[in-house]
Amino acid sequence: MTTEPTRPARPDTAGAAPAEPGTAPAPGGGARSWLRDHSELGVCVLLFALGVLVLTDAFAMSVDIAQRGPVGPRTVPFVIGGLFLLIAVLLAGDVLRGGRGEAEGGEDVDLDAPADWRTVLLLTGVFLAAAVLIGPLGFPIAGALLFWGSAYALGSRHHGRDPLIAAGISLATYFVFDNLLGVPLPGGPLMGVL
């Protein structure tokens with residue numbers, strides 16, 4: 001009975017145990033493997049860039065000298081930009097210490113199912129139509145078409161109820177923004193009536 005000599009397994013072969021999160025890559029794995037294992041750092045870079053952009057715009061913003069009180073138009077951009085930078089740094093620290101985002105698992109979504117392009121195209125058409133029609137028809141009519149078209153694209157087929165609900169939501173939105181908040185919205189042909 002003859003046996004062939006066995007060779008010891010090399011640690012950089014495919015059969016090796018996976019590295020623990022937060023550890024250095026195995027020899028031969030390289031920077032590409034390390035970046036793949038720490039891909040969440042891309043989100044950190046994006047958040048940091050957004051924070052820098054927001055703060056840069058806030059510093060460049062012209063402020064009226066007659067501003068009253070300590071809170072002015074720069075306050076919110078400073079807070080948001082600072083929070084972007086803080087979250088980017090905290091997230092990067094967590095990722096570098098080995099933290100990883102959990103994979104999707106609890107939802108009833110089939111990740112292998114193809115995209116529903118019909119719904120995407122219908123919604124895109126509804127949004128584009130609303131953007132084109134808001135000028136000539138005004139917000140109440142264009143908004144009603146937007147809400148009803150979105151409901152139809154997403155699967156609602158109540159042809160008597162959906163347009164009425166869409167018109168009610170559109171009119172309520174128009175009144176809240178135009179009358180209560182003071183944000184002027186185009187009324188279109190209904191301007192004299194409303």
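**Reading helix packing**

Tutor: Begin with a crossing: α5 passes α6 in a right-handed crossing. Keep in mind that this model is predicted.

Student: At what angle do α5 and α6 pack, and how far apart are their axes?

Tutor: The angle is about 135 degrees, and the axes are 8 Å apart. An angle over 145 would count as roughly antiparallel. The α5 and α6 pair is therefore oblique.

Student: Which residues of α5 and α6 meet?

Tutor: From α5 come Phe139, Pro140, Gly143, Ala144, Phe147 and Trp148. From α6 come Asp162, Pro163, Ala166, Ala167, Ile169, Ser170, Leu171, Thr173 and Tyr174. Sorted by class, this contact of α5 with α6 has eleven nonpolar, three polar and one charged residues.

Student: Take Ser170 from that list. Is Ser170 buried or exposed?

Tutor: Buried means under 20% relative accessible area. Ser170 has 0%, so Ser170 is buried. Ser170 lies in helix α6, which covers residues 161-180.

Student: What is Ser170 in contact with, leaving aside its neighbours within four places in sequence?

Tutor: Ser170 is in contact with Phe139, Pro140, Gly143, Ala144 and Phe147.

Student: Now a residue in α5. Where is Leu145, and how exposed is Leu145?

Tutor: Leu145 sits in helix α5, residues 139-153. Residues between the buried and exposed cut-offs, 20% and 50%, count as partly exposed. Leu145 has a relative accessible area of 40%, so Leu145 is partly exposed.

Student: Which residues does Leu145 contact, beyond its neighbours within four places in sequence?

Tutor: Val126, Leu133 and Leu137. Separately, check a C-alpha distance: Leu145 and Ala167 are 8.0 Å apart in space, C-alpha to C-alpha, and 22 residues apart in sequence.

Student: How do α4 and α5 pack?

Tutor: Helix α4 spans residues 117-137, and its axis is 8 Å from that of α5, at an angle of about 175 degrees. That makes α4 roughly antiparallel to α5. By class, the contact of α4 with α5 has 15 nonpolar, three polar and one charged residues.

Student: Which residues make the contact of α4 with α5?

Tutor: On the α4 side, Arg118, Leu122, Val126, Leu133 and Leu137 are among them. On the α5 side, the list includes Ile141, Leu145, Gly149 and Tyr152.

Student: What about α2 and α3?

Tutor: Helix α2 is residues 41-60, and helix α3 is residues 75-96. They pack at about 160 degrees, with axes 8 Å apart. That makes α2 roughly antiparallel to α3. Here the crossing is left-handed.

Student: How do the residues in the contact of α2 with α3 divide by class?

Tutor: There are 21 nonpolar, three polar and no charged residues. On α2, Leu47, Phe48 and Leu55 are among them. On α3, the list includes Phe78, Gly81, Gly82 and Leu85.

Student: Step back to the whole protein. How many helices and strands does the protein have?

Tutor: Six helices and zero strands. Along the sequence, the pattern reads α-α-α-α-α-α.

Student: What do the totals say about burial and surface?

Tutor: Of the 194 residues, 19% are buried. The accessible surface comes to about 14,400 Å², and 67% of that belongs to carbon and sulfur atoms.

Technical notes. Residues are numbered from 1 along each chain as its sequence is written. This is a predicted model: local features need pLDDT of at least 70, side-chain atom pairs count only at pLDDT 80 or more; totals for chains, interfaces and linings use all residues. Side-chain values use heavy atoms; hydrogens and water are left out. Helices (H or I, at least four residues) and strands (E, at least two) are DSSP runs, numbered from the N terminus. Buried means under 20% relative accessible area, exposed over 50%, partly exposed in between (1.4 Å probe, protein chains only). Contact means heavy atoms within 4.5 Å. Axes are lines fitted to C-alpha atoms, for helices over the stretch in contact, and angles run from 0 to 180 degrees between N-to-C directions. Angles under 35 degrees count as roughly parallel, over 145 as roughly antiparallel, 65 to 115 as roughly perpendicular and the rest as oblique. Ala, Val, Leu, Ile, Met, Phe, Trp, Tyr, Cys and Pro count as nonpolar, Asp, Glu, Lys and Arg as charged, and the others, Gly among them, as polar. A crossing is left-handed if the near helix is turned anticlockwise from the far one by less than a right angle, and right-handed if clockwise. Accessible areas come from the Shrake-Rupley method with a 1.4 Å probe; for residues, only the protein chains shown count as cover.
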